[in-house]
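Have a look at the sequence and the 3D view, then try each task before reading on.

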Amino acid sequence: MSIEKTFSIIKPNSTLDNNIGNIIAVFEKNGLRVSAAKFAKLSKEKAEGFYIEHKERPFFGELVNFMTSGPVLLMVLEGENAVAKNRELMGATNPANAAEGTIRKLYAKSVGENSVHGSDSHAAAEREIAYFFERNEVVNRF
Ligand code: CMP
């Protein structure tokens with residue numbers, strides 16, 4: 001087992017539905033710790049850059065509109081096998097397919113308004129953390 005970092009976003013539907021605390025509680029009860037966080041409203045440019053791999057997908061415009069429609073909580077999560085653990089806790093991208101008890105089953109509204117983003121690989125976690133956080137902002141221990 002290794003201690004890893006992964007990247008997580010609580011998306012606008014869940015910040016505006018007052019579910020930040022409920023979602024972080026799922027992480028914390030399951031061995032993930034918030035080791036850095038920023039509350040922000042993303043610019044169009046920042047959101048487009050983050051999701052650049054989806055640029056040609058038909059839902060790209062809708063995705064960027066949604067991600068800039070309200071505040072998001074950007075987080076680094078740390079724990080044993082954090083990348084895989086976070087994906088398990090989030091559930092399937094589409095809440096209609098998400099397992100009982102997962103964050104998306106509990107709080108997501110649709111495949112677009114799906115409450116959380118989480119890195120899908122170690123390489124993505126590194127890239128995504130670097131996209132939003134300076135190295136010295138990612139606090140491990142006080
Ligand atoms: P996320 O994990 O943030 O990564 C890409 C996002 O695109 C995904 O979550 C979904 O919210 C979104 N997405 C995927 N498929 C669709 C779709 N068919 N319509 C709208 N948004 C989608």
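**Exercise 1.** Is Leu16 buried or exposed?

*Solution.* Before we start, note that this is a predicted model, in which local features need pLDDT of at least 70, side-chain atom pairs count only at pLDDT 80 or more, and totals for chains, interfaces and linings use all residues. Residues are numbered from 1 along each chain as its sequence is written, and side-chain values use heavy atoms, with hydrogens and water left out.

Step 1: recall the classes, where buried means under 20% relative accessible area, exposed over 50%, and partly exposed in between (1.4 Å probe, protein chains only). Step 2: Leu16 has a relative accessible area of 55%, so Leu16 is exposed.

**Exercise 2.** Now classify Ile103 in the same way: buried or exposed?

*Solution.* Step 1: find Ile103 in helix α6, which covers residues 103-107. Step 2: the relative accessibility of Ile103 is 0%, so Ile103 counts as buried.

**Exercise 3.** Describe the backbone and surroundings of Asn18 and Asn81.

*Solution.* Step 1: Asn18 is not a glycine, yet its phi is positive, near 60 degrees. Step 2: look for Asn18 in the loop between α1 (12-16) and α2 (20-29). Step 3: with 66% relative accessibility, Asn18 counts as exposed. Step 4: Asn81, also not a glycine, has a positive phi of about 45 degrees. Step 5: the loop that holds Asn81 runs between β3 (72-80) and α5 (82-90). Step 6: a relative accessible area of 29% makes Asn81 partly exposed.

**Exercise 4.** Where does the ligand sit, and which residues surround the ligand?

*Solution.* Step 1: the ligand sits in the largest pocket. A pocket is an open set of points on a 1 Å grid over the protein atoms alone, with protein on both sides within 12 Å along at least five of seven lines; a molecule sits in it if more than half of its atoms lie within 2 Å of its grid points.

Step 2: list the neighbours, meaning residues with a heavy atom within 4 Å of the ligand. Among them are Tyr51, His54, Phe59 and Arg104.

Step 3: find the polar contacts, here pairs of N or O atoms within 3.5 Å. A polar backbone atom of Val111 lies 2.8 Å from an oxygen atom of the ligand. For Asn114, a polar side-chain atom is 3.2 Å from a ligand oxygen atom.

Terms used
A residue is near a molecule or strand if one of its heavy atoms lies within 4 Å of it. A polar contact is a pair of N or O atoms within 3.5 Å; within protein, one must be able to donate a hydrogen and the other to accept it, and residues adjacent in sequence count only if both atoms are side-chain atoms. On a 1 Å grid over the protein atoms alone, a cavity is a set of points where a 1.4 Å probe fits but cannot get out, and a pocket is an open set with protein on both sides within 12 Å along at least five of seven lines; lining residues have an atom within 4 Å of a point. Helices (H or I, at least four residues) and strands (E, at least two) are DSSP runs, numbered from the N terminus.
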